[in-house]
Amino acid sequence: MSAQTGGKEQERWIYLDNNATTGVAPEVLEAMMPFFGQRYGNASSMHSFGGLVRRDLDRGREEVAALLGAHPAEIVFTSCGTEGDNHAILGTLRANPGKRHVVTSRVEHPAVRSLVRALAEQGYSYTEVGVDAVGRLVLDEVREAIRPDTALLSFMWANNETGVIFPVEELAQIAHARGIVFHTDAVQAVGKLPIDLGSSAIDLLTLSGHKLHAPKGVGALYVRRGTKLFPFLVGGHQEDGRRGGTENVPGIVALGEACRLARLHLDEEQTRVRRLRNRLEEGLLARARDALVNGDRQQRLPNTSNISFRYIEGEAILLLLDRFRIAASSGSACTSGSLEPSHVLRAMGVPYTAAHGSIRFSLSRYNVAEEIERVIEVLPPIVERLRAISPFGRGDERTWTGQAEEEHRH
Ligand code: PLP
């Protein structure tokens, strides 16, 4: 799997959208297949046909725990990252009924951001802490946001759009000093950064299988022993009563294998993948005019680069890249007929003309140097072509800061 394949004709794609989803690793696919066939038992059954499946499930749990430096009993399997985030936040609020306030950031994924907004309509409240121009948190603002009724601090480990890393260990210490639970959405961090929860103050951590070469439909929530958490799905006794529902055995086996592989490849993320990302960035910045990197270039995931090509639309770039079978994503979303830059770039105060032209490239261990060279060759002429017909004027330096600030306290 040197490059991903797709489509009827199995054409080769240069897939640089791994923060959206990843290809299932061949070893992962092989590991999960028997559980769609002969080994279909229910892990909760008394008979050994099911009991054997339980052993595979336990092995999956051990692998997830090993990648995180956690104990297997601290792993609860979920269906996706969104479920893990919802479970952590709702489960903590329900387990601490006297506390109704959550502190989070202005750049969280909708799995957290939309949830706290929905909760605000049900008698809860939240504070979103802002970020600086390169996407870093101001820790003093976090401390100031904490109230006597704060139940939970929830901050992502790494941002899905920019790759910027938050200081989660310090945030967890801030929470603990005030007797508050700390949750991190680590969906983009797991498999890309070393994690050792055994020597950490983090109470709850979310991960999602399809971001680390397992299939869609499986994830996990780490729950530190002793953390009070209300179950998310109330039903059977599965997952020690923390999440009802017959276990997704093929998915869990797949996640276990993906975590085992991630552990083996962790060094490669920090070295080869990082070098490819840096080469892509340097090549594009050298060859395309008016291009800039969004987000802190030091405290950043090794696989992610968010680049703004000023005065043009990101969507137009993506469509032209698509013709070359190059897959990336843009920093704006088409909502209600208008193209609106992402909340992340707006929170950073990225100028209007830059936010509109932002492209996120996210690599994986399956990318190779020739693919990166191809993008460096193909993209700059696309940028020049689009600039020639761009509706944006140079010197239009509006930012989104004002609008974003209105939203952040509820
Ligand atoms: N959190 C972050 C940071 C993400 O990037 C994503 C997915 O893009 C999610 C949560 C949601 O994960 P899932 O797609 O598994 O629900």
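## The ligand and its shell

In this predicted model, 13 residues surround the ligand. The closest are Gly81, Thr82, Asp185, Ser208 and Lys211.

Which helix gives the largest share of the shell around the ligand? Helix α3, spanning residues 81–95, supplies three residues. Sorted by class, the shell has seven polar residues, three nonpolar ones and three charged ones.

## Burial and pocket

How much of the ligand does the protein bury? Taken alone, the ligand exposes 390 Å², and the protein buries 88% of that area. Where does the ligand sit? Its place is the largest pocket.

## The whole chain

The chain has 410 residues. Its secondary structure consists of 12 helices and 17 strands. Helix α3, the source of three shell residues, is one of these helices.

Along the principal axes, the C-alpha atoms fill a box of roughly 70 × 55 × 40 Å. The radius of gyration of the chain is 22 Å. A compact globule with 410 residues would have a value near 22 Å, so the chain agrees with that expectation.

Conventions:
Residues numbered from 1 in each chain as written. Predicted model: local features only at pLDDT ≥ 70, side-chain atom pairs only at ≥ 80, totals over all residues. Heavy atoms only, no water. Near = heavy atom within 4 Å. Areas by Shrake-Rupley, 256 points an atom, 1.4 Å probe, with all protein chains shown as cover. 1 Å grid on protein atoms, 1.4 Å probe; cavity = no way out; pocket = protein on both sides within 12 Å on 5 of 7 lines; lining within 4 Å. Sits in = over half its atoms within 2 Å of the grid points. Helix = DSSP H or I, 4+ residues; strand = E, 2+ residues; numbered from the N terminus. Nonpolar A, V, L, I, M, F, W, Y, C, P; charged D, E, K, R; others polar. Rg over C-alpha atoms; globule rule 2.2 N^0.38 Å.
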